Amino acid sequence: MKLLCIETTCDETAAAVVTGELEVLSSMVASQENLHERFGGVVPEIASRAHVERILPVIDQTLERAGLGLTDLDAIAVANTPGLSGSLLVGLVAAKTLCAATGLPLVAINHLQAHVYACRMAAGEDVFPCVGMIVSGGHSNLYRCDGPTDFTLLGATIDDAAGEAFDKVASLLGLPYPGGPSIQKAAERGDPKRHRFPRPMLKDDRLAFSFSGLKTAVRYQLIGPGKLDDAQPVELTEQEVADVAASFQAAVIDCLAGKAEQAMRQTGFDTMCVGGGVAANGPFRARLEEDAARCGWRLHVPPLSLCTDNAVMGAIAVERFRAGKFAPLDLDIAPGLER
Ligand code: KG4
Ligand code: ZN
């Protein structure tokens, strides 16, 4: 069995060919980072137009690298939820058109389930049941994952996503986009104890995150209270930037790791899978490893290339294919979070 998986939920145009044995025959990711950089975040219209330009070349090259043609495939899979509407539509229309032209069946991918499946792909063994944590630019979610496509939402952010907070704080500090890697780099030379930023919701029993107050606390720290509206960018020394970055990163890590531990306790599971761009953060990964060793969990955090958006994680479609769960050709996108 060979499946072509397509991913265009946000700002990466990606495709991969995977087999029924979960072997990756080829994988490509065309990043749009340089297009969105000067805006400090993903601009939806620019993202969808870039997908339109890239989708066919990416699919062509992915098939070519696998040494396959469309007729060698058994199905075409595409992420249709959640994500940016315009971005999702490009991948979905491409997949449907290929299905209509070839007669191949269509398989729908839930992008968030796919992020957890990236852990399955990296581990090379079953990881379910597990607690799934997805921390990206758009989501900070905790799931009870009884199987690859059997997810129950345990909690989510009530405002900004963790990656969004990294991006916004990086912009406050004058660091380049995407903010996560910039803050991680700046934080290496900083003192994480220099500022005591809040850890919202950490003492609360509810499995929820809140990062917008933390971002505001950083703003106040930089420009002082009561001046937010007419604030001018402040000149910070390199050391001051590093200290704020390190203190902010430490606060986010405490929140994420604290809630992950609560979710493990509540479910009684012994396996934790983490995915999404923020899972690429080195100190966060180190903290999770410490916690896993202390609590005796099995921890799966994929390599960096499988944390950020990619189509290899679309191999979750193999599970749906085997279960005979095909999608109709009038399949729509579902941009919002599917609970
Ligand atoms: O999963 P992803 O590639 O795209 C979606 O949002 O779906 O995640 C991107 C997010 C961005 O907000 C970026 O700043 C963050 O992941 N990120 C990081 C790191 N690398 C990427 N955040 C913290 N530390 C990193 N090393
Ligand atoms: Zn994602």
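Select α5 (162-172), where 10 of the 11 residues are buried, so this helix is largely enclosed by the rest of the structure; here a residue is buried if 20 or more other C-beta atoms, placed from the backbone, lie within 10 Å of its own, and helices (H or I, at least four residues) and strands (E, at least two) are DSSP runs numbered from the N terminus. The model is a predicted one, in which local features need pLDDT of at least 70 and side-chain atom pairs count only at pLDDT 80 or more, while totals for chains, interfaces and linings use all residues. Residues are numbered from 1 along each chain as its sequence is written, and chains are lettered from A and ligands numbered from 1 in the order in which they are written.

Colour the buried residues of α5, among them Phe166, Val169 and Leu172, and show what they pack against, namely β6, β7, α6, α7 (212-223) and α8, where contact requires C-beta atoms, placed from the backbone, within 7 Å. After α5, stop at Gly174, whose phi is positive, near 70°.

Next, display ligand 1 with the 20 residues around it, of which Gly137, Gly163, Gly180, Gly277 and Asn281 come nearest; a residue is counted as near if its C-beta atom, placed from the backbone, lies within 6 Å of the molecule. Both α5 and α6 (179-187) supply at least two residues of this shell. Colouring by domain, with bounds from an automatic or database domain assignment, shows that domain 1 (2-116 + 308-322) and domain 2 (124-306) both give residues to the shell, so ligand 1 lies between them.

Now select the open sheet of 5 strands, whose order is β8-β7-β6-β9-β10, with mixed pairing; two strands pair if DSSP finds at least two bridges between them. At the edges stand β8 (150-155) and β10 (298-300), each with a single partner strand, so one side of each is left without a neighbour in the sheet. Within this sheet, β6 (residues 130-135) and β9 (residues 271-275) pair in the parallel sense over 4 bridges, and Met133 has Val274 in β9 as its bridge partner.

Finally, move to β4 (residues 75-81), where 7 of the 7 residues are buried, so the strand is largely enclosed by the rest of the structure. Strand β1 (residues 2-7) pairs with β4 in the parallel sense over 4 bridges, and the bridge partner of Cys5 in β4 is Ala77. Strand β5 (residues 106-110) runs parallel to β4 and is joined to it by 5 bridges, with Ile76 opposite Leu106 in β5.

Definitions and conventions:
A residue is buried if 20 or more other C-beta atoms lie within 10 Å of its own, exposed if 12 or fewer, and partly exposed in between; C-beta atoms are placed from the backbone. Two residues are in contact if their C-beta atoms, placed from the backbone, lie within 7 Å.
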